[in-house]
Amino acid sequence: MQMGRWFGYRPGYVDLCRLFTSEELNEWFRHITVASEELKSEFNYLAESGGTPDNYALKVRTHPGCLQITALNKMRYTKQIEVSWAGRLIETYQLPMDKGIKRRNLIATDNFLSALGAHELKGSNFLWRNVSPDEICDYLSKFKVADSLKKVDLDMISAYIQDLVREGELTSWRVVLMNKKDNAEATHTFSNGLAVGCFDRNRADDTNWSTYYIRKNHIVGNQKDELIDLDDDLLEAALERTREVKENWEDKDYPAPEIVRQEFRPRTNPLLLIYPLNPDCAYKKDGKFIIDEIQRTDDPFIGFVISFPNSRTNIAISYTVNQVAEFAETENLFDNENDNVYDEL
């Protein structure tokens with residue numbers, strides 16, 4: 001990241017810059033970029049909604065993106081922070097490629113959905129209401145994301161859910177099995193008889209082949225997905241609020257999801273969205289299979305998304321993170337010993 005300064009500070013040299021790095025550093029940089037973008041989104045929301053510096057400090061202090069980017073046994077400088085998922089969207093955009101883990105995630109999802117009973121249709125998708133937090137936490141305990149996806153620690157998220165349930169929040173979940181109705185290249189039928197089309201989510205370039213790293217870090221393909229369980233009256237009020245605080249929203253017929261999470265989604269009703277994913281997207285690059293056939297299976301990958309409402313409480317989960325003191329030291333050295341010559345403004 002330090003050498004990246006040259007791209008902005010050396011006019012006329014950009015076409016000469018080339019960056020050679022490892023897959024590990026590339027993935028770390030992706031983590032940092034995602035966390036930075038999420039913080040910018042938080043700042044934008046707080047500014048638009050009239051937030052105060054106190055609000056800003058709280059959001060930064062409790063941001064899940066502050067989680068460490070390396071293994072605990074490698075961390076030399078650590079401290080405790082409090083992490084909250086209130087008002088946040090959680091996406092499992094890194095999934096293990098291991099066939100056994102992929103299969104276990106599918107079985108866990110199948111068993112979970114089969115136990116939910118009768119559903120209702122929302123378009124082509126399948127919705128269950130009044131799902132207990134115990135059932136949700138049990139499902140999370142059986143699901144595995146990639147080890148590199150530090151911000152989605154399912155044990156910590158389960159502990160957070162249980163803490164808020166004791167405060168009367170997150171008590172009645174909505175669960176949606178998403179179904180790609182048109183032009184699905186892959187399909188799957190669950191043991192409860194629900195047949196779904198799988199969604200295409202392409203692999204990010206230059207990422208480790210042991211992990212299905214979804215491009216752009218998003219499983220959600222349409223912002224409206226996050227609103228699927230909410231009543232029309234609530235969405236209309238949220239849309240009116242969105243147009244009050246956001247510019248250039250007049251041409252959209254749905255509210256901003258972050259505003260819905262922060263101000264409108266009932267505190268008792270978080271949402272779990274489950275997406276079956278076309279496995280070929282994980283195995284291909286530029287339209288060609290990269291993974292050997294013996295390592296592939298036709299079963300879909302399962303990804304999910306959790307939309308957490310805001311909370312009245314200050315409950316957060318304590319976590320140990322890296323202070324990255326060595327990076328701070330590098331920053332100081334650059335500033336103190338910088339010999340670059342910049343054009344006069």
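1. Strand E6, residues 173-177, is mostly covered in this predicted model. Five of its five residues are buried. The cover applies to both faces of the strand: Trp173, Val175 and Leu177 are buried on one side, and Arg174 and Val176 are buried on the other. In a regular strand, side chains alternate between the two faces of the sheet.

2. Which strands pair with E6, and in what sense? Strand E5 (residues 125-131) runs antiparallel to E6 and is joined to it by four bridges. Strand E10 (residues 271-277) pairs with E6 in the parallel sense, also over four bridges. As reference positions when inspecting the model, leucine 127 stands opposite valine 176 of E6, and leucine 177 stands opposite isoleucine 274 of E10.

3. Arg174 deserves a separate remark. Arg174 is one of the buried residues of E6, on the face that also carries Val176. Arg174 is also part of a network of salt bridges that links it with Asp229 and Arg265. Side chains of opposite charge can pair when their charged atoms come close.

4. How many salt bridges does the model contain? The count comes to 15. Three further pairs are described below.

5. Lysine 142 and aspartate 138 form a salt bridge, with 3.1 Å between the closest N and O atoms. Both residues belong to helix H5 (residues 133-142), where they are four residues apart, about one turn of the helix.

6. Lysine 144 and aspartate 147 meet through their side chains in a salt bridge, at 3.0 Å from N to O. Aspartate 147 is exposed, with a relative accessible area of 58%.

7. Arginine 166 and aspartate 163 form a salt bridge in which the closest N and O atoms are 2.4 Å apart. Arginine 166 has a relative accessible area of 61% and is therefore exposed, the cut-off being over 50%. Aspartate 163, at 22% relative accessibility, counts as partly exposed; buried would require a value under 20%.

8. To sum up the points on E6: the strand has five of its five residues buried, pairs antiparallel with E5 and parallel with E10, and contributes Arg174 to a salt-bridge network with Asp229 and Arg265.

Technical notes: Residues are numbered from 1 along each chain as its sequence is written. This is a predicted model: local features need pLDDT of at least 70, side-chain atom pairs count only at pLDDT 80 or more; totals for chains, interfaces and linings use all residues. Side-chain values use heavy atoms; hydrogens and water are left out. A salt bridge is a side-chain nitrogen of Lys or Arg within 4 Å of a carboxyl oxygen of Asp or Glu. Helices (H or I, at least four residues) and strands (E, at least two) are DSSP runs, numbered from the N terminus. Buried means under 20% relative accessible area, exposed over 50%, partly exposed in between (1.4 Å probe, protein chains only). Two strands pair if DSSP finds at least two bridges between them.
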